[in-house]
There are 4 protein chains.
Amino acid sequence: MKRFAIIGVAGYVAPRHLKAIQETGNVLVAAMDKSDSVGILDQYFPEAAFFTEFERFERYLVKLKNEGQGIDYFVVCTPNYLHDTHVRFGLRLGADVICEKPLVLNLHNITAIENEEKATGKRVFTILQLRLQPVLQKLKKELANSNTFHQVKLEYITPRGNWYQYSWKGDNSKSGGLATNIGIHLFDLLIWLFGDAKSSQMLNQEEKKMSGIIQFQQAEVRWTLSIDKNDLIDKSLNSYRLLEISGEKIEFDNGFHNLHTKSYQEILSGRGFRIKEVKKSIEIVSKMR
Amino acid sequence: MKRFAIIGVAGYVAPRHLKAIQETGNVLVAAMDKSDSVGILDQYFPEAAFFTEFERFERYLVKLKNEGQGIDYFVVCTPNYLHDTHVRFGLRLGADVICEKPLVLNLHNITAIENEEKATGKRVFTILQLRLQPVLQKLKKELANSNTFHQVKLEYITPRGNWYQYSWKGDNSKSGGLATNIGIHLFDLLIWLFGDAKSSQMLNQEEKKMSGIIQFQQAEVRWTLSIDKNDLIDKSLNSYRLLEISGEKIEFDNGFHNLHTKSYQEILSGRGFRIKEVKKSIEIVSKMR
Amino acid sequence: MKRFAIIGVAGYVAPRHLKAIQETGNVLVAAMDKSDSVGILDQYFPEAAFFTEFERFERYLVKLKNEGQGIDYFVVCTPNYLHDTHVRFGLRLGADVICEKPLVLNLHNITAIENEEKATGKRVFTILQLRLQPVLQKLKKELANSNTFHQVKLEYITPRGNWYQYSWKGDNSKSGGLATNIGIHLFDLLIWLFGDAKSSQMLNQEEKKMSGIIQFQQAEVRWTLSIDKNDLIDKSLNSYRLLEISGEKIEFDNGFHNLHTKSYQEILSGRGFRIKEVKKSIEIVSKMR
Amino acid sequence: MKRFAIIGVAGYVAPRHLKAIQETGNVLVAAMDKSDSVGILDQYFPEAAFFTEFERFERYLVKLKNEGQGIDYFVVCTPNYLHDTHVRFGLRLGADVICEKPLVLNLHNITAIENEEKATGKRVFTILQLRLQPVLQKLKKELANSNTFHQVKLEYITPRGNWYQYSWKGDNSKSGGLATNIGIHLFDLLIWLFGDAKSSQMLNQEEKKMSGIIQFQQAEVRWTLSIDKNDLIDKSLNSYRLLEISGEKIEFDNGFHNLHTKSYQEILSGRGFRIKEVKKSIEIVSKMR
């Protein structure tokens with residue numbers, strides 16, 4: 001049974017990590033968040049130590065380590081701009097790190113993480129759950145067996161309310177903006193499916209929507225990303241996700257269930273996605289800014 | 001359609017209020033929380049303005065008021081020790097106020113709220129949802145038609161994890177302690193069912209559990225309150241709630257569904273619970289400290 | 001002896017207010033700041049109640065008021081963008097308010113303050129200490145007795161370190177930018193000396209410096225404002241302030257001593273500067289943004 | 001020229017460190033504090049990078065290190081209970097650390113620091129400025145040449161206002177209480193002068209004052225520590241410090257000037273006080289709690 005600690009436990013994505021830790025038969029020993037609205041812990045790990053101050057969290061984890069009870073994995077669910085520093089913190093604790101996407105905001109932030117990986121001998125994994133989605137995995141196999149160059153259309157419309165712009169997600173210096181915060185998944189998916197990006201062109205860039213064209217090795221993709229509900233043609237829907245490959249529509253709204261647990265299973269089996277896997281998508285979104 | 005604003009929207013209990021506002025056909029125009037983990041707004045009121053700073057929230061609500069678009073109701077879901085000051089803030093905005101329990105920590109805090117009610121001509125309502133629970137309402141009627149003096153046992157075991165002690169709920173100066181934060185419901189229920197308390201005796205008072213005996217007009221109640229999971233005899237349960245009246249067990253674990261919406265319906269119909277209704281239970285828990 | 005409360009007591013300008021309260025023979029009864037680095041209180045008012053939470057400060061001041069021990073003056077030394085909301089808070093406490101410059105960031109913020117002045121019958125005063133500087137008062141008299149139209153040059157170079165851009169002062173949404181945070185004094189001074197502004201033209205607007213030309217009734221003023229130390233020609237100086245009127249240089253680097261105390265004396269004598277006095281300078285800087 | 005970074009730069013004691021860095025001919029490259037009230041930097045190191053978030057500070061310092069421009073010394077001026085974690089942070093950056101007193105709150109906190117010293121090969125120094133005070137240094141020499149056992153009286157009355165109890169200094173879990181926050185200096189001084197403590201007895205322990213008797217190898221000391229101004233017999237004084245050795249009064253109110261700079265000179269010359277020097281005084285104050 002592996003021992004985990006998590007930072008950012010009061011946030012939106014943390015419950016999926018708690019569930020994944022539990023479903024893979026492991027244990028959370030410590031959690032931290034500036035906000036103490038963490039009743040969610042009762043559902044998964046009521047015994048976990050909890051801290052609202054980073055410093056007290058550090059003291060506790062160092063104490064565990066010095067007593068030979070150190071954690072095995074450190075999970076990072078904090079706002080994007082804090083990822084790199086929290087990843088380094090986890091590595092220095094002698095733990096492997098599981099970091100939510102995007103790993104970092106800028107390519108140059110990766111160097112300092114790689115240095116720390118080398119210094120500590122520990123590894124950083126990131127969550128790229130779309131690569132584990134069954135429909136997309138099937139698609140990946142089909143594309144791998146073909147040489148066809150495709151015309152692709154990607155539409156990803158997931159409306160958010162006014163709060164979004166007044167949270168850290170709406171502050172580009174903290175989230176990296178739409179392309180980084182929401183789009184990173186998709187650009188990673190496209191690279192994984194169609195090969196490296198050769199060129200990228202922005203068509204439109206607003207606060208709530210972006211679109212562009214990217215040339216990949218096996219496809220030209222016209223993409224649109226929006227959090228504006230006015231972009232939903234069918235107002236009865238909550239969101240709209242379309243991937244159209246040479247005229248064929250791929251439905252991937254379902255099958256998202258339990259992808260964090262699958263990600264954890266992969267990581268624990270030694271097949272998690274490491275730093276080099278994420279560099280290309282971070283490069284794309286960095287350049288868009 | 002009434003216009004609402006809410007403070008404490010990122011907290012545990014806020015979703016029930018958002019649901020109640022929606023289910024009673026009303027609208028949330030503004031929300032505030034120090035934490036920006038408020039994705040919940042998308043499910044209910046994505047159009048609501050959101051603020052992480054009290055001052056900017058105040059500015060917005062005053063502006064609405066000055067434009068003749070002021071809010072009708074101000075909802076308070078903040079940590080207990082802030083209730084009275086946020087209630088006054090709502091009243092001064094010219095709104096009626098709906099405040100989570102407990103209304104205040106100490107009896108003397110009520111005076112300043114009553115003064116503000118008088119000065120503004122607005123009203124404060126509190127959430128006493130157990131009084132709206134069907135099983136308990138039936139019980140209330142039966143007891144009202146009888147003169148029997150009862151021996152009553154109340155056990156309320158709702159385990160919380162370690163985080164609880166390190167959140168504001170574990171700080172007595174902020175939550176008032178177990179009796180105030182969790183027990184206030186039960187003491188209000190007992191007064192409502194059995195009449196005024198004549199005397200109260202503590203049997204045990206620990207960080208995670210308390211017990212005592214209270215003499216009411218129509219009953220002597222031995223009560224136990226615990227958040228320690230070791231007090232659950234059946235470890236497969238998440239919680240245990242027992243009300244035993246003269247040997248008869250009353251099951252009230254169910255029927256909690258939608259009690260906030262019912263509370264809102266009562267308030268909007270002019271039948272909400274006002275300050276004088278809560279004084280007696282606050283007096284009991286104040287004395288316990 | 002008048003009773004004062006202050007908000008923002010840990011900040012840069014607060015000591016001048018504490019000194020002014022003491023030197024005018026009055027008393028501070030309560031102080032608040034999010035930061036608890038307030039050892040300065042020991043020099044002036046060790047007996048003052050101190051709070052790090054706005055809500056507890058409010059509770060205390062309301063309690064004093066309800067006991068007939070309310071404060072007479074509420075002093076606002078918080079970051080600029082909070083001024084208007086804290087001014088309203090003071091008025092609602094039944095106190096007159098003394099607010100640091102700039103009173104507000106935008107002209108439209110004034111309306112809500114004026115409404116609250118009317119509703120409460122209390123008054124808002126602002127600190128315009130340059131109008132009380134002896135050299136400038138003498139100049140004002142001379143200009144008032146003449147009809148000459150002047151060519152004026154104003155240079156105001158007061159270097160700040162890198163921290164400035166990473167404090168609230170460097171965030172335009174919080175400080176209003178250089179023209180508002182630092183320049184407001186000067187524009188008020190120019191209006192006071194030379195009459196209303198008829199037109200204003202920006203020549204340069206950078207993060208650390210701004211310059212422009214303003215036509216006043218009795219003067220055309222070329223102004224430069226900078227916090228960049230590279231703009232100091234004589235590097236041995238800490239700052240450089242020049243007012244040149246039709247070729248004559250006015251030295252006003254000295255005589256700044258005790259201007260806050262003088263401001264308080266004026267306010268306490270009923271001659272303080274009220275809202276209408278500051279509207280014109282706020283209008284100028286609002287338009288620059 | 002050595003390169004310094006400081007954490008806690010907005011606090012009470014930071015200016016003495018800035019002055020010491022400057023007076024020893026060194027340079028501050030980065031500073032951090034949660035509060036942005038840091039105009040003090042302009043007087044010493046306007047070029048220093050400044051951060052209000054720990055994570056961004058970490059990123060910057062790691063970047064400097066990776067570029068071969070790492071800091072030589074890391075200075076810790078944060079609230080007491082954060083000292084140990086910030087000390088470890090500095091060591092991990094590859095810097096020697098200068099930490100304000102008390103180094104830690106509890107003896108067991110020292111182990112984790114010593115481990116980090118060993119792991120990094122870097123050193124921790126603490127500020128024990130009384131040992132550098134000329135009058136006390138002279139006294140130390142005299143005592144060293146004598147075998148007399150002394151009856152000693154120590155009175156240390158340094159009044160603080162109400163704010164003290166509502167700052168971190170008034171929270172025992174953060175400051176360690178009076179004996180730790182203020183007394184640590186004195187107990188270190190006494191050990192240094194009179195040898196190890198053999199036994200310690202508390203006579204009185206209140207929120208604002210403490211007293212006791214300690215048996216040292218060469219003295220029995222009756223000590224009183226107070227922050228209550230009522231304990232000042234001469235109300236015209238701001239403080240009262242008395243050390244009476246076998247009936248002879250030692251005046252040490254003066255000579256405090258520049259002791260931080262002297263401390264820095266010692267540290268930079270390789271003669272600073274390291275962990276083992278502070279263990280004994282921390283042991284005394286830990287036991288008092």
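This note comments on the predicted model shown above, point by point.

1. Basis of the comments. Because the model is predicted, local features are taken at pLDDT of at least 70 and side-chain atom pairs at pLDDT 80 or more, while totals for chains, interfaces and linings use all residues. Residues are numbered from 1 along each chain as its sequence is written, with chains lettered from A and ligands numbered from 1 in the order in which they are written.

2. Domains of chain A. An automatic or database domain assignment divides chain A into domain 1 (3-128 + 258-274) and domain 2 (134-250). Taken over C-alpha atoms, the centres of these two domains of chain A are separated by 27 Å. Seven residues of domain 1 of chain A meet 10 residues of domain 2 of chain A, a contact being a pair of residues whose C-beta atoms, placed from the backbone, lie within 7 Å.

3. The side of chain A that touches chain B. Here 26 residues of chain A are in contact with 26 residues of chain B. At least two residues each come from helix H2 (41-44) and strand S3 (49-51) of chain A; such elements are DSSP runs numbered from the N terminus, helices being H or I of at least four residues and strands E of at least two. S3(A) gives the largest share, three residues. By class, this side of chain A holds 13 nonpolar, eight polar and five charged residues. Nonpolar covers Ala, Val, Leu, Ile, Met, Phe, Trp, Tyr, Cys and Pro, charged covers Asp, Glu, Lys and Arg, and the others, Gly among them, are polar.

4. The side of chain B that touches chain C. In this pair, 15 residues of chain B are in contact with 15 residues of chain C. Helix H3 (54-66), helix H4 (83-92) and helix H5 (108-120) of chain B each give two or more residues to this side, and H3(B) supplies the largest share, seven residues. The classes are four nonpolar, four polar and seven charged.

5. Surroundings of Ala31(A). Apart from neighbours within four places in sequence, the contacts of Ala31(A) are Ala5(A), Ile6(A), Val9(A), Val38(A), Leu41(A), Ala48(A) and Phe50(A).

Note on methods
Two residues are in contact if their C-beta atoms, placed from the backbone, lie within 7 Å.
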